[in-house]
Amino acid sequence: MAGFINFADEEEVRAYLENLHVEYSYQCFKEKDPEGCQRFADYLDAVRKDFVAAARVLRDNCEAHGHSESCYKLGVYQALGKGGLEVDLKAAYNSFMKSCEKGGKKSINACHSVGLLAHDGRVNDNRPDPVVARDYYTKACDGNFAPSCFNLGVMYLQGAPGVPKDMSHALKYSLKGCELGHVWACANASRMYKLGDGVEKNDAKAEDLKNRAKQLHKEQKEASSSLVFGE
């Protein structure tokens, strides 16, 4: 069929990938297209496994164009020490911050990453900043990023400097995390209803949420076990 690649044909696949290399590098370096640079970085990372070259493209695209996805992925490289970069959590934090504030693809992930790094304090001489963590978790949760909703729920359950314990907020964010498919958010909300902890005791809601957590856990296990490679 015209226009389709026969992935069983090694030569055809090789030619296709080489064409992608030419196309994406042209978009990036000749046309100065930030989206083309992101595609080229993804190609270098996923296909060529040339992480050093990918890191250079991501850095240039983030710094020159403020491309949100490139800034996020550069932050991941910096956090992991990938592509020949030194592990540098402060640089990663700044890259995640750029992505989060810019908006766009992966910006919600970036907001969550800012929250994580502020929360554990590794970018601030091991001094956690719960207020910054809360603010960026909130941005990510507002964008329907379930782990941020869960983390917010825990913060409000426990309280922290600058973030007073607030059971109504704890329930609100636990319920949202649960709706978005976070097992432990469901478990926390279930426990609050079961114990009447900051909310009117409601055994029926507690049971519903517990069952939701069990179902999500089952689905996640099944999804994980269904990933069989080589077949």
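A quick word on ground rules. This is a predicted model, where local features need pLDDT of at least 70, side-chain atom pairs count only at pLDDT 80 or more, and totals for chains, interfaces and linings use all residues. Residues are numbered from 1 along each chain as its sequence is written, and side-chain values use heavy atoms, with hydrogens and water left out.

How many residues are in contact between the two? On the domain 1 side there are 8, and they touch 9 residues of domain 2; contact here means heavy atoms within 4.5 Å. The area buried between the domains is about 660 Å², and carbon and sulfur atoms give 73% of that. By buried area I mean the accessible area, with a 1.4 Å probe, that two parts lose on being put together, summed over both.

Now the polar side of things. Between the domains we count 0 salt bridges, a salt bridge being a side-chain nitrogen of Lys or Arg within 4 Å of a carboxyl oxygen of Asp or Glu. There is 1 residue pair in polar contact between them, with both residues at pLDDT 80 or more. A polar contact is a pair of N or O atoms within 3.5 Å; within protein, one must be able to donate a hydrogen and the other to accept it, and residues adjacent in sequence count only if both atoms are side-chain atoms.

Which helices each supply at least two residues of domain 1's touching side? Those are H6 (107-120) and H7 (130-142), and H6 gives the largest share, 5 residues. Helices are DSSP runs of H or I, at least four residues, numbered from the N terminus.

One last stop, at Ser168, which is found in helix H9, residues 167-179. Its side chain makes a polar contact with the side chain of Asp166, at 2.7 Å. Ser168 and Trp184 are 16 residues apart in sequence, and 17 Å apart in space, C-alpha to C-alpha.
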